Amino acid sequence: MIRISCPFCGPRDHAEFSYGGDGSIEYPALDAPVQDWHDAVFLRENICGLQLETWQHVHGCRMWIKVERDTMTHEIRSVAPAHPGLAAALESGQ
Amino acid sequence: MTRFSAWNVLWQGITGQKGWSRQWRDPELKSHYDVIIVGGGLHGLATAYYLAKNHGLRNVAVLEKGWIGGGNAGRNTTIVRSNYARPGNCQFYAHSLKLWEELSHELNYNVMFSQRSHIALLHSPGAIDAAARNYNTLRRTGTPDAEIWGLEQLKQAVPHLNYAEGARFPVMGAAVQKRAGTARHDAVVWGYARAADMLGVDIIQNCAVTGVERDGARITALETTRGRITAGKVGFAVAGNTSRLWSMAGLGRLPIESHKLQAFVSEPLKPLLDQVVVFGMGGAHFYISQSDKGGMVFGGDLDWYKSYAQRGNLPIVQDVAEAAMSVMPCLGRVKLLRHWAGVVDMSMDGSHFICPTPLDNLYLNTGWNYGGFKATPAAGWWFADLIANERPAPMIADFDLKRFERGLQIDERGAGPDPKLHG
């Protein structure tokens, strides 16, 4: 069992969360060329090692979070809210 | 190499089993091969065999980083079926099943292929309608053994399932393929290895690829833990590790993610289950058969997050145990003997890739999701055909890396571009 420290709820079992996928993908603008959208939707770096990924705390606060996790050892390096505004608010202690 | 025959078995029995030779050689690594297959799993070995058998190539090597058959070849639940409905998949798996039916004779090795029926349980009128549609498609496109069973017929064939009226998901019938079944996975590895070796293929174990040398759009050589080897053509058949090799070759990203899938085997029991039974209902997924040794072999879903670790997590053990209890409550006191995980390459549409690559002499076999075992003979056959003839045959023409750019997704489940959903 992986333990994920939810920024809102504290440490919880990963079974409370749903894995979102590669968190490093930047989706292109709506009017970007089709090739850019193809690459963002279908292609993956599929890193063996430390990767940035998204999870949703579906059985908790239902917030999306960004997790740095090693895909070989499952060790978690960092957890932060996926929403940049919430991350900044937590950072400044508001 | 000693061929297996009734006479030979008898003669060796009389003379103390002293006359058998090694099943395959442990050859010295040569400095050059016309074709190098990376990955000594089922697909790699089958490809090497058909390169030699169908296309007459003799200077072929299979490189395996560990021991042959130690990856997913030895970690699957050994199910063989061909009840796929999408164009392309349908013909491919039908061909594979035909090759399975002749495989023991073809390889002169008993792969213990047992056509014991694949029975997918149906739990709602909607599921029966969907199965009927699927199986009408199958019957019209060359899979004549598709059947829909009612409850009475199912009870007669498989008496030990949970038919209780109070069951959470009462069984209403089943979609059945009678020619489907199981095979002994290790025997398939050994059979292909032995047959390929007899045709001159070098099987090199403990030889991991550590680098790929390129000259523009060609691979010139592979760096390995046992030295540098120059190559005429190279084929990758490494399942869950494809992305790592792909980036070694400097080729960027692929439409796959590596996930781990667990499998389980119980202590041996007396004969209990003669078929492969599959349960899929809502979020639950479960498939079970009984090995010839008596162990109940079963599995469920992926671990639900990307991983390269060949070990499973406990929530899935619990999920699978719950599904087992709801399908076959008689298993409640059976002890689990072992459970393990393999790293599978989940693709964006749940279908595979056997295709050319951006490099002139590199060919790719990947994206097998849950289904690489059953595909083995056809995957080897068509991958060899691709490598030998340097063009995709019509059978595999749609299974290339560019299909998403063309707007084509060969998506049996209709789950969309999320690899973890293509179970």
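Predicted model: local features only at pLDDT ≥ 70, side-chain atom pairs only at ≥ 80, totals over all residues.
Visitor: What radius of gyration does chain B have, and what would a compact globule have?
Guide: The C-alpha atoms of chain B fill a box of roughly 65 × 65 × 40 Å along the principal axes. For 423 residues, a compact globule would have a radius of gyration near 22 Å, and chain B agrees with this because its own value is 22 Å.

Visitor: How many helices and strands are there in chain B, and what share of its contacts join residues at least 24 apart?
Guide: Chain B holds nine helices and 18 strands. When contacts between residues at least 6 apart in sequence are considered, the share that joins residues at least 24 apart is 74%.

Visitor: Is Thr182(B) buried or exposed, and which side chain does its own side chain join in a polar contact?
Guide: Thr182(B) lies in strand β7, which covers residues 181-182 of chain B. Its relative accessible area is 6%, and since buried means under 20%, Thr182(B) is buried. Leaving aside residues up to four places away in sequence, Thr182(B) touches several residues, including Thr78(B), Met112(B), Phe113(B) and Val276(B). The polar contact of its side chain, at 3.4 Å, is with the side chain of Arg116(B).

Visitor: Where is Gln17(B), and what is its phi?
Guide: Gln17(B) is placed in the loop between α1 (6-14) and β1 (32-38) of chain B. Its relative accessibility is 47%, so Gln17(B) counts as partly exposed. Although Gln17(B) is a residue other than glycine, its phi is positive, near 55 degrees.

Visitor: Which loop holds Asn108(B), and does this residue count as buried or exposed?
Guide: Asn108(B) has a positive phi near 55 degrees, again in a residue other than glycine. The loop that holds Asn108(B) runs between α3 (89-107) and β4 (118-122) of chain B. With a relative accessibility of 11%, which is under the 20% cut-off, Asn108(B) counts as buried.

Terms used. Residues numbered from 1 in each chain as written. Chains lettered and ligands numbered in written order. Heavy atoms only, no water. Helix = DSSP H or I, 4+ residues; strand = E, 2+ residues; numbered from the N terminus. Rg over C-alpha atoms; globule rule 2.2 N^0.38 Å. Contact = heavy atoms within 4.5 Å. Buried < 20%, exposed > 50% of the residue type's maximum accessible area, 1.4 Å probe, protein only. Polar contact = N/O pair within 3.5 Å; in protein donor to acceptor, adjacent residues only side chain to side chain.
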